[in-house]
Amino acid sequence: MITGAHSIIYSTNADADRAFLRDVLNLPNVDVGGGWLIFGLPPAEVAVHPSDENDVHEFYLMCDDIEALITEMNKHKIACSPVHDMGWGVLTQVTLPGGGKLGIYQPRHARPKPMAAREPAKKSPKRAAKKPTTKPTRKPASKKTSGR
């Protein structure tokens, strides 16, 4: 049923942040038109944490060695916050070229096996699309964080 996940990073300088993901983190990508890049990610996981409100989401990348990651970021003049021991892992925040922060951590928690990659189901013959009853919005989620 689920074939993948699509995460969005909102940025005031999307071109610079896309260049960082492409050139510094070396993420594979595809240009879907006009320089709009979509990046491939390693296997992912999702967790649900209790909260007093809904629609609050966080996004982190994970690494094997946080100190090696910070050394590499320093070579590219990318600022990293001090490392914080969170218990579940050690965390830094990388300052993206656009000014946003991206959490990256070295996990200490158990990791699930990745889902096996599956091809999307073959599409049935085209049918007339139903008009949406409401216009979709694209606004960033609340900046409130839960500490992970």
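User: Which residue in β5 does Asp-85 stand opposite?

Analyst: In this predicted model, Asp-85 stands opposite Val-90 in β5.

User: What makes β4 and β5 count as paired strands?

Analyst: Two strands pair if there are at least two bridges between them, and two bridges join β4 to β5, which run antiparallel, so the pair meets that requirement.

User: What makes β5 and β6 a pair, and how do they run?

Analyst: Seven bridges join β5 to β6, and the two strands run antiparallel; since at least two bridges are needed, β5 and β6 therefore count as paired. Within this pairing, Thr-92 stands opposite Ile-104 in β6. These two strands also form a hairpin with five residues between them, and Gly-99 in the turn has a positive phi of about 100°.

User: How do you know that β3 belongs beside β6, and in which direction do they run?

Analyst: Three bridges join β3 to β6, which run parallel, and because the requirement is at least two bridges, β3 and β6 pair. As one example of a bridge, the partner of Tyr-60 is Gly-103 in β6.

User: Why is the pairing in the sheet of four strands called mixed?

Analyst: The open sheet has the order β3-β6-β5-β4. Strands of a sheet pair through backbone hydrogen bonds, either parallel or antiparallel. Here β3 and β6 run parallel, whereas β5 and β6 run antiparallel, as do β4 and β5, and the sheet is accordingly described as having mixed pairing.

User: Why do β3 and β4 stand at the edges?

Analyst: β3 (60–62) and β4 (84–85) each have a single partner strand, so one side of each is left without a neighbour in the sheet.

User: What lies across β5 and β6?

Analyst: Helix α2 (residues 66–75) lies across β5 and β6, running at about 15° to β5.

User: Which residues of helix α1 are called buried, and what covers them?

Analyst: The buried residues of α1 (residues 14–24) are Asp-17, Arg-18, Phe-20, Leu-21 and Val-24, a name that applies under 20% relative accessible area. What covers these residues includes β2, α2 and β5. The helix is followed by Asn-26, whose phi is positive, near 55°.

User: Why is Ile-38 called partly exposed?

Analyst: Ile-38, which is found in strand β2, has a relative accessibility of 31%; because buried means under 20% and exposed means over 50%, a value in between is called partly exposed. Together with Val-30, Val-32 and Trp-36, Ile-38 makes a nonpolar surface patch of about 360 Å².

User: Why is Lys-113 called exposed?

Analyst: Lys-113, in the segment after β6, has a relative accessibility of 78%, and exposed means over 50%, so the name applies. The C-alpha atoms of Lys-113 and Glu-45 are separated by 9.0 Å, although these residues are 68 residues apart along the chain.

User: Which residues is Arg-108 in contact with, leaving aside its neighbours within four places in sequence?

Analyst: Arg-108, in the segment after β6, is in contact with Asp-85, Gly-87, Trp-88, Gly-89 and Val-90.

Definitions and conventions
Residues are numbered from 1 along each chain as its sequence is written. This is a predicted model: local features need pLDDT of at least 70, side-chain atom pairs count only at pLDDT 80 or more; totals for chains, interfaces and linings use all residues. Side-chain values use heavy atoms; hydrogens and water are left out. Contact means heavy atoms within 4.5 Å. Axes are lines fitted to C-alpha atoms, for helices over the stretch in contact, and angles run from 0 to 180 degrees between N-to-C directions. Patches are made of residues with over 30% relative accessible area and no salt bridge: like charges are joined within 9 Å, nonpolar side chains (Val, Leu, Ile, Met, Phe, Trp, Tyr) within 5 Å. Accessible areas come from the Shrake-Rupley method with a 1.4 Å probe; for residues, only the protein chains shown count as cover. A salt bridge is a side-chain nitrogen of Lys or Arg within 4 Å of a carboxyl oxygen of Asp or Glu. Buried means under 20% relative accessible area, exposed over 50%, partly exposed in between (1.4 Å probe, protein chains only).
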